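Here is a short report on a sheet, its helices and a ligand. Look at the model first, then read on.

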Amino acid sequence: MRCRSVTRNVYDGEMGSEVSRYDQVADWYVEFTRSWGSEARTLLPEHLLGQRLLDMACGHGALSRVLARSGAVVTAIDLSSSLLAHATQKESTDRLGICYLCADATTTDWWDGNPFDGVVCNMALMDIDDLDAALSTVSAVLKRGGWFSFSLLHPCFPGGHDGSTDALPSWPPDRGYSSEGWWTTGSDGVRGHVGANHRKLSTYLNAVLQAGFDFVEFAEPASVVPRYFTARCRQRT
Ligand SMILES: C[S@@+](CC[C@H](N)C(=O)[O-])C[C@H]1O[C@@H](n2cnc3c(N)ncnc32)[C@H](O)[C@@H]1O
């Protein structure tokens, strides 16, 4: 695939009018997440050597680099040109052959038609405003029967906790779990800086099923209150 830059303006209305929310906080985000692992790694196939993979909403490419170091041929897309600038800077000093594209995951405009063996989306579906469109992209760009792994901020737990656990807030306590939509925690973390789309767990699972995937495995990496929800799926044939 020829690496080219494709940018789209997808945000408007109450969510802001910039190309990407992360453009404004890119340097902060890179620093803030420097020591983080990639949650989706827990559900990646053991052998990635030679697989053509898409890292969807790759941010500054932390997981893309893990995939490439495991021998995968990686294309990585994100809406934030500022985060991608960090990724390409790393690529220029530590060449792994990753193809970074500034592109919208809710379309396939950026895709050259060459299908992927697998798609991974680490901690980003809650950042993507049109979940169904992003899942249709995953479905369209995969080889028949290809795999899809994703991790989420665990959608089941509210903000406003008393600090006795390390829970990450997914929804505002005054609105309730069933009230889906955009919100910001107002805290110092990622969700205070950029906000998030709250969706019920069932909304995510039903959307993935409707996009033509079967679930293979779920995981909730250990903590007192689960912070992450991870799933591995396979495209139905
Ligand atoms: C929490 S960050 C996760 C980034 C990266 N996957 C990681 O693990 O660090 C969410 C990312 O989703 C990206 N994003 C949001 N909407 C997008 C869209 N429609 N298309 C592509 N990327 C998008 C943001 O720019 C941001 O980089």
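Helix α3 (residues 81–93) lies across β2 and β3. The helix runs at about 165° to β3. Helix α4 (residues 131–141) also packs on the sheet. Helix α4 touches β1, β4, β5 (142–153) and β9 (228–235). The direction of α4 makes about 145° with that of β5. This is a predicted model.

| Helix | Residues | Strands named | Angle |
|---|---|---|---|
| α3 | 81–93 | β2 and β3 | about 165° to β3 |
| α4 | 131–141 | β1, β4, β5 and β9 | about 145° with β5 |

Now the sheet itself. Seven strands form an open sheet, and the pairing is mixed. The order is β3-β2-β1-β4-β5-β9-β8. Which are the edge strands? They are β3 (99–102) and β8 (213–219), and each pairs on one side only. From one strand to the next, the twist averages 20°.

Strand β1 (residues 52–56) and strand β4 (residues 116–122) run parallel. Three bridges join them. Leu 53 stands opposite Gly 118 in β4.

Next comes the ligand. There are 24 residues around the ligand. Which of them come nearest? They are Ala 57, Gly 59, Ser 80, Ala 105 and Ala 124. Both α2 (62–69) and β2 (73–78) supply at least two residues each to the shell. Sorted by class, the shell has 14 nonpolar residues, seven polar ones and three charged ones.

Definitions and conventions: Residues numbered from 1 in each chain as written. Predicted model: local features only at pLDDT ≥ 70, side-chain atom pairs only at ≥ 80, totals over all residues. Near = placed C-beta within 6 Å. Helix = DSSP H or I, 4+ residues; strand = E, 2+ residues; numbered from the N terminus. Nonpolar A, V, L, I, M, F, W, Y, C, P; charged D, E, K, R; others polar. Pairing = 2+ DSSP bridges. Axes fitted to C-alpha atoms, helices over the stretch in contact; angles between N-to-C directions. Contact = placed C-beta atoms within 7 Å.
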